[in-house]
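Please open the model in your viewer and keep the selection tool at hand. The tour below goes from stop to stop and says what to select at each one.

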Amino acid sequence: MKIDLYQVDAFASRIFEGNPAAVCPLHRWLSDENMQRIAMENNLSETAFFVEENGHYGLRWFTPEAEVDLCGHATLASAYVLFKYLAHDRESIRFNTKSGELTVKKEGDYLVMDFPANPAKEVSPPEGIEQALGAQPLESYKSMDYLFLVESEEHVRKLQPEFLRLKELDSRGIIVTAASEAKDVDFVSRFFAPAVGINEDPVTGSAHTTLAPFWAEKLKKRELSARQISKRGGSVHCTLNGDRVELAGKTQTYLTGTITIVE
């Protein structure tokens, strides 16, 4: 069995930036075991699989260790593959996922995803978080991820977390954020998810479904420019529309190839 493979850098203005995702278009679903094996072999933060379903697409995401309910950058990458390589000629693409229906549209050089907002509620900081994170949060919140506000962009940049301790937290991941020092960027963040096999994710679209409503409230504006300041780095443009968030970014092809599975 042969499966097409595309590796795409999402939220990237050039290759070697943003968050790489593998995308595998399928004619029919593989077994969960085989999709997990492919994701493990790809060894990227996410591998996306999609199947056409009556003009729309079923979409699933796997880390090297587990299937996840929502992934922004691999959704962006999947839409890019459909628009660029698979001749999708409609204005938008609808994906059916474990997080409901997601749409992606093309606007110039950008792809724009429409996701449900995932606002966080303020909580008490978990015990030992300062030692695990390497910084004292000023404020602590929780959605599907923890969100910690720290003092400055420099604090975010210098974080050296203890991943084994972070892995013990009851959440998919940990978002750390601060206001940006750059005039053209509203806020910065980093994202850690050792519980699902990703110590640090380069750029995390789904985290911005929580970051966007958080900073929209802080800054009293609904359109926000964000930068995830991982080693690779990447930019996300966010627009809060009620209970939805539009996330826009650029994408670049790194490689195309074929997976061969002997059954």
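This is a predicted model: local features need pLDDT of at least 70, side-chain atom pairs count only at pLDDT 80 or more; totals for chains, interfaces and linings use all residues.

Local features need pLDDT of at least 70 and side-chain atom pairs count only at pLDDT 80 or more, while totals for chains, interfaces and linings use all residues; side-chain values use heavy atoms, with hydrogens and water left out.

Select P25, L26, H27, R28 and F50. Of the 17 residues that line the largest pocket, these are the closest to its centre. The space in this pocket is about 340 Å³. A pocket here is an open set of points on a 1 Å grid over the protein atoms alone, with protein on both sides within 12 Å along at least five of seven lines; a cavity is a set of points where a 1.4 Å probe fits but cannot get out, and lining residues have an atom within 4 Å of a point. Grid points are joined across faces, edges and corners, and a volume is the space filled by probe spheres set on the points.

Now colour β1 (2–10), β2 (19–26) and β3 (46–53), each of which supplies at least two residues of the lining of the largest pocket. The largest share, three residues, comes from β1. Strands (E, at least two residues) and helices (H or I, at least four) are DSSP runs, numbered from the N terminus. The lining of the largest pocket divides into 10 nonpolar, two polar and five charged residues. Ala, Val, Leu, Ile, Met, Phe, Trp, Tyr, Cys and Pro count as nonpolar, Asp, Glu, Lys and Arg as charged, and the others, Gly among them, as polar.

Next select Y80, F83, K84, K106, G108, D109, Y110, L111, K250, T251 and Q252, which line the second largest pocket. Two or more residues come from each of α2 (72–84), β8 (110–116) and β18 (251–260), and the largest share, three residues, is from α2. About 170 Å³ of space lies in the second largest pocket.

**Cavity**

Select E46, R172, F191, D201 and T204. Of the 17 residues lining the largest cavity, these lie nearest its centre. The volume of the largest cavity is about 120 Å³. Its lining takes at least two residues each from α2, β13 (187–193) and β14 (198–201), and divides into seven nonpolar, seven polar and three charged residues.

**Surface patch**

I15, F16 and Y254 make a nonpolar surface patch of about 310 Å². Patches are made of residues with over 30% relative accessible area and no salt bridge; like charges are joined within 9 Å, and nonpolar side chains (Val, Leu, Ile, Met, Phe, Trp, Tyr) within 5 Å. Areas come from the Shrake-Rupley method with a 1.4 Å probe, and for residues only the protein chains shown count as cover. Y254 lies in strand β18 and is partly exposed, at 41% relative accessible area. Buried means under 20%, exposed over 50%, and partly exposed in between (1.4 Å probe, protein chains only).

**Backbone and helix**

Most residues other than glycine have a negative phi. Go to F11, where phi is near 55°. F11 lies in the loop between β1 and β2 and is buried, at 2%. A87 has a positive phi of about 60°; this residue is in the loop between α2 and β6 (92–97) and is exposed, at 63%.

Select helix α6 (208–219), in which nine of 12 residues are buried. α6 is followed by K220, whose phi is positive, near 60°.

**Salt bridges**

A salt bridge is a side-chain nitrogen of Lys or Arg within 4 Å of a carboxyl oxygen of Asp or Glu, and the structure holds 20 of them. Select E246 and K105, whose closest N and O atoms are 3.6 Å apart in such a bridge. E246 is in strand β17 (244–249) and K105 in strand β7 (100–107), so the pair ties together parts 141 residues apart in sequence.

Is the next pair, D145 and R172, buried or exposed? D145 is buried, at 0%, and R172 is buried as well, at 18%. Their side chains meet in a salt bridge of 2.8 Å, N to O.

End at D32, R60, E67 and K98, which are linked in a network of salt bridges.

How values were computed
Residues are numbered from 1 along each chain as its sequence is written.
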